[in-house]
Amino acid sequence: MKNKSKFRKSYIRRLIFRIIIFIIMIGIYIFYPNTFNVAKGLNFIKEFSPLHIIWLIWIIDMILQLCKVPKYWPLGSQKYLKHRYIPSIKELDKKTIKLHMKEMTKSSTSVAITWLFVIVLISTLYLTHLISYQVVILISVAFYVCDIICVVGWCPFKTFFMHNKCCTTCRIFNWDHAMMFTPLIVIPGIWTYSLVIMSLIILIVWEVACAIYPERFMEKTNCALQCHNCKDRLCGK
């Protein structure tokens, strides 16, 4: 049982780590707000700040996701890959697969529209000077924490939109980085745009794979996603 729950234990450790990062960033914001200047324009290559370390952590995290590191990422994040696909003995016809994917896409579209509204709201608050660019960055860090809470705790996207059984079967599992960093798009700079671009690359790879290989995303056609074959046990059961 210990081996089966290793990913859940790993995600709990990641949650603790991200909470610590969030607390540190709040401390920097309170006592050294000018440190955030590195996120704007070309300041990234002109001066050094703790935000460089945060940037490196995030970039490495995304690189590991793109490089298909199985020990670091669970099946839910890698189900689009060929070697994580176990074809079902009972094949479904293309019409049934298309219908199922249509329902999943409908749910994910609802998430995308909702998230777009969140981004527009944050952007409006920033452009009307109701919040500073430092606060926008802190919002992204907060999303960085909430991402893991959605895995090990309660996920609003699962409850209100996707209605999926677990993270392993989640249609939008690899949307996480894009959702974390899209608020940064209102802050022009190397630090911000590099994070946004990298996260969008991950999103595009995921969506292209979903369009070409929909059978890899469905529990009925990919046996690897079924409970009795699951070794990650992110659900804790």
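These legends go with several close-up views of a predicted model. Local features need pLDDT of at least 70, side-chain atom pairs count only at pLDDT 80 or more, and totals for chains, interfaces and linings use all residues. Residues are numbered from 1 along each chain as its sequence is written, and side-chain values use heavy atoms, with hydrogens and water left out.

**View 1. W115 meets F157 edge-to-face.** Rings of Phe, Tyr and Trp (its six-membered ring) pair if their centres lie within 6.5 Å; planes under 30 degrees apart count as stacked, over 60 as edge-to-face and the rest as tilted. The count by this rule is eleven aromatic pairs. Here the centres of W115 and F157 are 6.2 Å apart and the planes stand at 65°, so the pair is edge-to-face. W115 belongs to helix α4 (residues 94-127) and F157 to helix α6 (residues 156-162), so the pair ties together parts 42 residues apart in sequence. Helices are DSSP runs (H or I, at least four residues), numbered from the N terminus. Both W115 and F157 are buried (under 20% relative accessible area, with exposed over 50% and partly exposed in between; 1.4 Å probe, protein chains only).

**View 2. W154 and F160 form another edge-to-face pair.** Their centres are 5.8 Å apart, with 85° between the planes. F160 is exposed, at a relative accessible area of 53%.

**View 3. Charges sit over the rings of Y133 and Y213.** For this, NZ of Lys or CZ of Arg must be within 6 Å of the ring centre and within 35 degrees of the ring normal. K40 lies over the face of Y133, 4.6 Å from the ring centre. The charged end of R216 is 3.7 Å from the ring centre of Y213.

Terms used:
Helix = DSSP H or I, 4+ residues; strand = E, 2+ residues; numbered from the N terminus.
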